[in-house]
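Okay, thanks for coming, everyone. Let me put the structure up, and then we can walk through it together.

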Amino acid sequence: MKKQSWKESHLAISKKILLILVMFFGQMADAAFCLSSNDHITMPTTGIVGGSSDLSTNLQQNYRSPESDAKHDINKTLNMEKLRLHSAVHLYSFQPIRLEVQYDQPITLEEALNYAVENNLPIKISRENMNYQRFVLFSQVANALPNFSMSYNITHTRILNEKVSSLAHVFIPRVTYPVFQGGSVLYSILGQYCRERGWSAAYQASINDALLDVYSKYNNLLLNRVLLQIRAKAVEVSQEQLKVNQQLEKNGTGTRFAVMQSQTQLANDSQALLQQQVMVRQSALALNFSLNYPMAVNLVPVEETISEESIFRSNAGISELVALSLKQRPDLREYELFRFAAGRNVQVAAAPLYPTLAFFTQYSFADTVDSPPAVAAGGTAGAGVFGGLFKTNQAGMALVWSLNGMGLVSAANIVAAQALARQAGVQANQELQTIFQQVRSSYLGWRVAREQIDNAATGVDSSAEELRLAELRLRQGVGTNLELIQAQRDYINGLTAQAQAIVGSNMAQAQLLHDTGIISMNTLLHGYQGGAN
């Protein structure tokens with residue numbers, strides 16, 4: 001029997017070895033057949049060989065599918081039906097906050113933007129700076145006009161050795177026509193013209209900054225009011241849950257610990273509601289400050305929900321936006337004009353090294369009375385005193401060459417002006433780099449903010465299902481009150497994240513409008529439509 005069992009085991013091992021060899025040679029045959037049926041191995045194409053432009057085009061075309069766009073159209077608006085209150089939860093019942101407010105004032109985004117353009121304090125300050133530079137330009141242009149001077153002198157003279165005194169009245173009007181002043185007049189006009197245009201660009205930049213600031217604070221106020229409604233809904237849910245647990249305890253199927261947990265959750269939600277009330281009021285105060293509006297008035301946005309606005313076309317590329325910023329950003333024009341003005345200052349500093357040429361015409365009226373008549377021996381007048389009335393008219397040319405400090409003062413001023421011109425050039429380059437960085441960062445922020453809406457909406461759906469199952473499990477007696485409280489927190493956090501993502505997308509688009517230089521009331525309200533704006 002031992003010999004027979006040995007043979008059986010030996011036969012089983014042989015079968016296993018044979019099976020392994022068959023499988024190995026079968027795989028080798030398949031590989032050989034695959035290699036023989038193909039002349040060469042084709043590497044997978046990645047699109048990079050065709051160039052970065054092809055890759056960018058493919059990425060933009062495949063960035064979002066129609067299904068994802070349809071889903072995004074649903075997710076971009078917060079469903080306020082989930083937040084509808086079914087109990088008497090007073091949102092503004094906290095008396096100290098209401099005592100600080102004089103009255104509520106409804107306001108729309110368009111009204112806020114229009115009011116800011118007219119009353120925003122930084123815009124007013126920038127406007128006055130622009131007006132100042134404009135009138136300085138007028139004064140520089142006036143330097144090219146003839147100069148008029150007029151003098152009237154009364155001179156009393158006493159000649160002691162002749163015992164003669166005189167009283168002279170001299171009136172002299174003079175007109176000077178500057179012909180050449182070393183280029184100081186011309187280059188001062190050109191430099192001031194560039195400064196005036198630069199400050200005009202700065203004024204436009206201040207308007208852009210104010211529009212972005214008001215848009216952001218308006219949306220922040222709208223977000224905080226939606227979050228306030230979310231917090232109020234949380235308080236309502238906590239109140240209902242507390243009533244359920246109290247009833248279960250009264251029926252003998254609940255515990256005191258579950259009631260205490262519900263009471264703690266209700267206290268936390270009530271405190272969060274109170275803090276959110278303060279945040280709403282602080283957001284309104286921030287908007288009042290930007291609008292230069294009375295602080296006692298509580299501004300209330302008229303919108304009842306929040307939704308993502310399509311300010312930018314979804315296929316807007318980074319190359320288009322960068323090129324657009326180079327044309328539209330007023331900050332870039334401002335620094336370029338300041339750089340040109342600094343270059344003209346070098347020529348103004350060199351003007352004192354040149355001679356000046358001017359024509360003049362002058363009329364003089366002199367009336368001198370001697371007492372007694374100043375007549376010396378031989379009938380000549382004494383000591384330069386001539387009595388009588390003299391009327392003269394003079395015209396001539398004045399050529400003056402004056403070197404202050406042997407020209408070293410002007411030479412030092414030239415070197416100093418050249419240093420400032422180089423500094424202005426470096427600042428212009430720095431501003432150019434800053435604009436590139438801002439546009440690209442805003443573009444990335446816009447793309448990320450759009451995706452966050454869909455991710456947050458997925459979290460809301462998941463947390464809503466979690467809350468439904470937690471309530472069902474608790475009613476069936478297989479769940480705990482702690483699971484329900486955690487599900488409530490997740491649901492509130494999900495709604496908060498979705499609301500913040502929607503407002504964050506709007507702010508990211510507004511920031512991109514600002515960084516590309518095309519921000520305006522029209523683009524903020526109706527979106528950017530390419531050349532149509």
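So, let's start with a loop: where does Ala316 lie? Ala316 is in the loop that links strand 4 (297-301) to helix 9 (318-328). Before I go on, a word on ground rules: this is a predicted model, so local features need pLDDT of at least 70 and side-chain atom pairs count only at pLDDT 80 or more, while totals for chains, interfaces and linings use all residues. Residues are numbered from 1 along each chain as its sequence is written, and side-chain values use heavy atoms, with hydrogens and water left out. When I say helix or strand, I mean DSSP runs numbered from the N terminus: H or I of at least four residues for helices, E of at least two for strands.

Back to Ala316. Is it buried or exposed? Ala316 counts as buried, since its relative accessibility is 0%. The cut-offs here are under 20% relative accessible area for buried, over 50% for exposed, and partly exposed in between, with a 1.4 Å probe and protein chains only. Now look across to Tyr443: Ala316 and Tyr443 are 127 residues apart in sequence, yet 9.5 Å apart in space, C-alpha to C-alpha.

Tyr443 takes us to the aromatics. Rings of Phe, Tyr and Trp (its six-membered ring) pair if their centres lie within 6.5 Å; planes under 30 degrees apart are stacked, over 60 edge-to-face, and the rest tilted. By this rule there are five aromatic pairs. Take Tyr443 and Trp446: their ring centres are 5.9 Å apart and their planes are at 70°, so this pair is edge-to-face. Both sit in helix 11 (residues 408-476), and because they are three residues apart there, about one helical turn separates them. Tyr443 is buried, at 12% relative accessible area, and Trp446 is buried as well, at 3%.

The charged end of Arg447 sits over the Trp446 ring, 4.5 Å from its centre. For that label, NZ of Lys or CZ of Arg has to be within 6 Å of the ring centre and within 35 degrees of the ring normal. Arg174 does this too: its charged end sits over the ring of Phe360, 4.1 Å from the centre.

Okay, helix packing. Two packed helices are described by the angle between their axes and the distance between the axes. The axes are lines fitted to C-alpha atoms, for helices over the stretch in contact, and angles run from 0 to 180 degrees between N-to-C directions. How do helix 11 and helix 12 (residues 481-516) pack, and at what angle? The angle is about 160°, and the axes are 7 Å apart. That makes helix 11 roughly antiparallel to helix 12; angles over 145 degrees get that name, under 35 is roughly parallel, 65 to 115 roughly perpendicular, and the rest oblique. Their crossing is left-handed, meaning the near helix is turned anticlockwise from the far one by less than a right angle (clockwise would be right-handed). By class, this contact has 22 nonpolar, 15 polar and seven charged residues. Ala, Val, Leu, Ile, Met, Phe, Trp, Tyr, Cys and Pro count as nonpolar, Asp, Glu, Lys and Arg as charged, and the others, Gly among them, as polar.

Next pair: helix 7 (residues 184-251) and helix 10 (residues 330-350) pack at about 165°, with axes 8 Å apart. Helix 7 is therefore roughly antiparallel to helix 10, and the crossing is left-handed. The contact of helix 7 with helix 10 has 13 nonpolar, eight polar and six charged residues.

While we're on helix 10, find Ala341, which lies in that helix. Ala341 is buried, with a relative accessible area of 1%. Ala341 and Ala424 are 83 residues apart in sequence and 9.0 Å apart in space, C-alpha to C-alpha. Over in helix 11 there's Ser410, buried at 5% relative accessibility.

Last stop, backbone. Most residues other than glycine have a negative phi, and most peptide bonds are trans. So which way does phi go at Asn292, positive or negative? Positive, near 60°. Asn292 is in the loop between helix 8 (256-291) and strand 4, and it is partly exposed at 32% relative accessibility. Met406 has a positive phi as well, near 55°. Met406 is in the loop between strand 6 (388-400) and helix 11, and it is exposed, at 74% relative accessible area.

That's my tour, so over to you.
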